[in-house]
Amino acid sequence: MTSQPASEAAAVICRRPGCGQPLPAPGRGRARQFCSDDCARRYHNDARIPAAAPAGDTGPLAALEVLLRQAAVLVRAAREQAASLDPAAVRAQVAEAEAARRRAEAAAVTAAAQAAEARQETQALAEALAAARDDTAAAQAAAQDAADTARNAAAALAQLRSDTAAQITAISARADEQAAAARTDADRCARERDDTVTAASQARHAADTEISRARQAETDARDLAAQLRADAARERDALGEHHQAQLAAAHALTQAERARAERAEEQLETERADRRTLTSHLTSTTSDNGQQPRPGSRGGARSK
């Protein structure tokens with residue numbers, strides 16, 4: 001008889017955490033690890049890593065969401081590993097190996113009983129051969145065969161016991177290694193979870209700070225725009241008043257220039273009238289001087 005491998009003796013419970021259903025009987029092909037296809041699909045779906053954010057969405061909130069998803073996946077994986085390495089499951093595997101060993105011992109006892117029956121048959125044959133001297137050689141050969149079978153059964157039992165002890169030792173060592181690896185993975189997952197939570201908190205704080213800065217900048221921009229609009233309105237009103245004042249001053253200056261031009265024109269007309277009067281007066285005076293006596297006659301008159 002051959003012993004059952006340690007992997008088959010250990011893998012008797014569904015691998016999905018929380019299921020606990022026994023595996024179906026092994027058949028051809030690879031050894032089953034899940035009790036059904038639904039359990040296998042749910043296990044792989046739970047272990048799937050979430051997709052990354054799109055390339056265009058690189059804000060703090062998107063990074064925070066990705067970190068939270070990865071943290072959830074790591075925590076779930078740690079729980080699954082811790083559940084798969086539960087001491088109760090290890091004890092169940094060891095109990096299954098012990099049951100296999102006991103079944104092997106029962107098979108050995110059955111082989112020993114068969115050997116005893118063979119010995120009894122050999123004795124009967126020996127008694128029969130004592131009666132029949134001519135069949136002694138054949139009876140001795142059968143007895144020798146039965147003895148060989150018994151020795152082989154005893155050797156197989158010893159080998160089975162040795163293999164079972166080795167399997168139990170290997171299972172215990174593997175369980176210890178798996179428990180140590182599980183503790184190491186649990187510590188690593190805890191550190192990664194703490195790092196992820198810290199990074200998420202920092203990212204959230206940075207996002208809140210950026211949002212506050214954006215809101216403050218928007219408020220400042222609104223205030224500045226309102227102030228600029230008010231300044232522009234005041235400047236527009238001031239420019240309008242200034243233009244109105246310039247237009248009024250230009251209008252007043254135009255009126256003053258027009259009045260001055262009219263006065264100048266009146267003065268010019270007056271001067272022209274005076275000049276015409278003077279010219280007419282001079283003309284009349286010249287004509288009067290042409291009719292007066294000559295200077296000699298006037299001198300004679302003066303001598304009188």
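## A tour of charged pairs and cysteines

Start at D231, which forms a salt bridge with R234; their closest N and O atoms are 1.9 Å apart. This is a predicted model. Both D231 and R234 sit in helix α5. They are three residues apart, about one turn of the helix. D231 is partly exposed, at 23% relative accessibility.

Why can such side chains pair? Side chains of opposite charge can do so when their charged atoms come close.

Next, select D148 and R151. Their side chains meet in a salt bridge, at 1.9 Å from N to O. Again the two residues lie in helix α5, which covers residues 136–290. They too are three residues apart. D148 is partly exposed, with a relative accessible area of 27%. R151 is partly exposed as well, at 48%.

Now move to D185 and R188. Here the salt bridge spans 3.6 Å, N to O. Both residues belong to helix α5, about one turn apart. R188 has a relative accessible area of 35%, so it counts as partly exposed.

How many salt bridges does the structure hold? There are ten.

Finish with the cysteines. Select C35 and C39. The closest cysteine sulfur to that of C35 is in C39, 3.5 Å away. A disulfide needs the two sulfurs within 2.5 Å, so this pair is too far apart for a bond. The count of disulfides is zero. C35 is partly exposed, at 22% relative accessibility. Last, select C189: this cysteine is buried, with a relative accessible area of 9%.

Key: Residues numbered from 1 in each chain as written. Predicted model: local features only at pLDDT ≥ 70, side-chain atom pairs only at ≥ 80, totals over all residues. Heavy atoms only, no water. Buried < 20%, exposed > 50% of the residue type's maximum accessible area, 1.4 Å probe, protein only. Salt bridge = Lys/Arg side-chain N within 4 Å of Asp/Glu carboxyl O. Helix = DSSP H or I, 4+ residues; strand = E, 2+ residues; numbered from the N terminus.
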